[in-house]
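The tour goes from stop to stop, with something to select at each.

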Amino acid sequence: MNTGDTAWVLASAALVLLMTPGLALFYGGMVRAKSVLNMMMMSFGALALISVLWVLYGYSEAFGNDVGGGLVANPFQFWSLHGLLGTKDGGVATHLVATVPAMAFVAFQAVFAIITVALISGAIADRARFGPWMVFCAIWATVVYFPVAHWVFAFDGAQSAHGGWIANSLKAIDFAGGTAVHINAGAAGLALALVLGKRVGFGRDPMRPHNLTLVMTGAGLLWFGWFGFNAGSALSANGQAAEVWVTTMAATGAAALGWLATERIRDGHATSLGAASGVVAGLVAITPSCSSVTPFGAIVVGLIAGVVCALAVGLKYRLGFDDSLDVVGVHLVGGLWGTLSVGLFASASTTAGVDGLFYGGGLDQLWRQAVGAFAVLIYSFVITLFIGWAIQKTIGFRISEEDEVTGIDSAVHAETAYDVSSIGGGAGRGTSLVGQAHPAPGAPARDTEGAGV
Amino acid sequence: MKLVTAIVKPFKLDDVKNALELIGIAGLTVSEVQGFGRQRGHTEVYRGAEYQVDFVPKVRIEVVVSEADATRVVDAVVEAASTGQIGDGKVWVTTIDEIVRVRTGERGDDAL
């Protein structure tokens, strides 16, 4: 066990955890004021739920021993993380992954699972019932994310004897999750947007972001946390982590510039939403390629990601699907580009040690990247379509049109996000306190007969 | 008594307020409003989606004055709020039947 590596992986896990509240802000600011709480609750709900599922069986389903073909691991092998506990000599872990305690790896991978599930919510803003969303999260993580994480992140002999097919048989390079996280969430978002249908008034009513300062704050937290996501994926406080840190920074800056330049030329103005979106697009694109491209290559990958994603987010209006916050345009398109970019711009001078097409490596790595990317895309899209359809047909996924128009926050959560009126003692809208909603036994019942209710 | 209502550009509020203080006006009410006149609105673009924003933010200033002061007040507001550009706003005068100071119960011109 290496204590330096362990410190870095644990710190990285905390950085990545912060990305999900960051995502809640990023998404929350982009919806209308009447649905910001629901938007943020979808991220917080995923955070709570996947934290529990990961401990119970998620880690084992992704990183237990393969049960055949590199498709899925045994979910019961490390049930409740059984078999991973244990220290000796003043806290030295008895179970290791590489040079860090297995539990540190459990923590680091847990937050990847959480944010991947939360990312999907951007596609179905304003219109998904909260309970069915939580049911969806549980089923999707179990049937899609945990197996796909096994495909991509489980290397033979690292966590268990046998890992997943993309990592070990196909040998596509996906350093931190361009396929497992971004293509996966993007394809799922597209499927759910199709199942739930368009928001009332989509393409007709204005659906402007209600608070761009929240969006910028959220993008900042994502930017910050992403250094744990990528550089932490080295699982070691070493030279690879440092190289990855720098490629991540370079690509992100270039992508923001690319998005802003696209806007300036096409629309006449460089916007704050464009800057925030460009940052995320760059982070997405460099996620799979951060260990295999040079710092200069990272700038090219990022710049192209910024331009391509800025153009891609307009597709939903032409194609007529309501991917509300552009999970497809940013995560699916950015993830695809980033994953393929490994096959184009990889350089053997980096720690990945592979040459891509433009560095004289031919097509060998490119086809591996393409197969990995499209396998995850198709699997996630098809299975998510089915899960979403099944939930819609059984318990119902979408809220009523009246609730949607009134606002999902008050309809589903019985809350409103903002209180900006000074009328009525600062509470606005003639609000008055009528007592506890559910008084303790023996307490006087609240007076709903009296005046002022 | 007259109610002078002015819709002006928000950045002209301070100028109007100072001009009214200079001619001895003792109080006014300000509210943020939005609407459109000849200036119409503007466009905003979010991730490439263009929105036409029809309503332009303006400030509404309301001053209650005696019959004799009304013209002077209107002139002061117009002079202070004018930029010569489209969208400078409007000022109008309406007649008020009664006015009461809540604290003292004074009525009419005494309540101004």
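**Stop 1: two loop residues in chain A**

Select Ser80(A), which is found in the loop between helix 2 (36-63) and strand 1 (87-88) of chain A. Helices (H or I, at least four residues) and strands (E, at least two) are DSSP runs, numbered from the N terminus. This is a predicted model, in which local features need pLDDT of at least 70 and side-chain atom pairs count only at pLDDT 80 or more, while totals for chains, interfaces and linings use all residues. Residues are numbered from 1 along each chain as its sequence is written, and chains are lettered from A and ligands numbered from 1 in the order in which they are written.

Phi of Ser80(A) is near 55 degrees, a positive value in a residue other than glycine. Ser80(A) is partly exposed, with 13 other C-beta atoms within 10 Å. A residue is buried if 20 or more other C-beta atoms lie within 10 Å of its own, exposed if 12 or fewer, and partly exposed in between, with C-beta atoms placed from the backbone.

Next, select Asp326(A), in the loop between helix 11 (315-319) and helix 12 (327-345) of chain A. Asp326(A) is not a glycine, yet its phi is positive, about 65 degrees. Is Asp326(A) buried or exposed? Asp326(A) is buried, with 26 other C-beta atoms within 10 Å.

**Stop 2: chain B**

Select chain B, which has 2 helices and 6 strands. Along the sequence, chain B follows the pattern β-α-β-β-β-β-α-β. The C-alpha trace of chain B spans about 60 × 30 × 20 Å along its principal axes. Of the 112 residues of chain B, 20% count as buried.

**Stop 3: where the chains touch**
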